[in-house]
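Hi there,

Here is the structure I promised to pass on. Have a look at it first, and my notes on its cavities follow below.

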Amino acid sequence: AVIGILYGAMVAMMQPDLKRLVAYSSVSHLGFVMLGIFALDPQGVEGAIYQMLNHGISTGALFLLVGMIYLRRHTREISEFGGLWHRVPIYAAVFMVVMLSSIGLPGLNGFVGEFLIMLGAFLSSWLAVVFAVTGVVLGALYMLWTYERVMWGPITKAVNETISDMNGREIATMVPLIALMLFMGLYPRPLISRMEPAVNEVLARVHSAQAK
């Protein structure tokens with residue numbers, strides 16, 4: 001699990017292609033899921049399930065955003081962008097929220113899953129949690145660095161001056177996803193309470209088998 005977290009983060013950091021970067025960040029996030037499952041305690045397993053839901057929402061939203069910019073430029077190379085905030089402020093703002101969700105900013109969905117996973121895993125292996133925290137830092141590093149290269153600075157490619165901002169259909173697609181990110185980050189209890197009975201039953205069976 002720890003190898004997956006660190007390997008995914010380090011390879012993502014080196015990617016010149018936006019879609020590949022998101023794909024390898026996905027590998028890193030699923031490493032957290034495995035860490036929570038291996039903890040074999042309620043906090044870790046509930047965090048793993050929650051993180052699976054987070055992953056589907058946040059990483060799915062990132063892939064959608066990459067697809068939107070690809071339709072406009074027909075390239076996913078990070079070096080082809082820069083300064084997009086000046087031309088597509090709505091897209092840049094939506095991308096920022098989704099990116100912060102992916103890196104686990106408190107108040108958004110990614111934080112709850114990662115916190116529960118590390119809380120549960122700490123009881124089994126504090127050393128694994130130390131490496132996992134390193135993965136969180138690396139994730140924030142490559143996501144923020146990518147955002148800086150794509151959105152900030154001057155527009156260096158003339159073709160980027162002609163890019164259009166998100167249309168109504170694209171905004172309507174992203175709004176429910178952002179609403180879920182906020183709801184799951186600020187009020188996770190309804191989802192976690194529904195997980196608890198099944199998680200406790202599974203763990204009881206596992207611990208019973210271990211005792212034999």
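A cavity here is a set of points, on a 1 Å grid over the protein atoms alone, where a 1.4 Å probe fits but cannot get out, and its lining residues have an atom within 4 Å of a point. Grid points are joined across faces, edges and corners, and a volume is the space filled by probe spheres set on the points.

This is a predicted model, in which local features need pLDDT of at least 70 and side-chain atom pairs count only at pLDDT 80 or more, while totals for chains, interfaces and linings use all residues. Residues are numbered from 1 along each chain as its sequence is written, and side-chain values use heavy atoms, with hydrogens and water left out.

Three cavities reach 30 Å³ or more. The largest cavity holds about 70 Å³ of space, and its lining includes Ser-28, His-29, Phe-32, Glu-114 and Tyr-142. (Helices are DSSP runs of H or I, at least four residues, numbered from the N terminus.)

The second largest cavity has about 50 Å³ of space. Among its lining residues are His-29, Gln-51, Asn-54, His-55 and Ser-102. Helix 3 (42–73) and helix 4 each give two or more residues to this lining, and helix 3 gives the most, with five.

Happy browsing!

Key
On a 1 Å grid over the protein atoms alone, a cavity is a set of points where a 1.4 Å probe fits but cannot get out, and a pocket is an open set with protein on both sides within 12 Å along at least five of seven lines; lining residues have an atom within 4 Å of a point.
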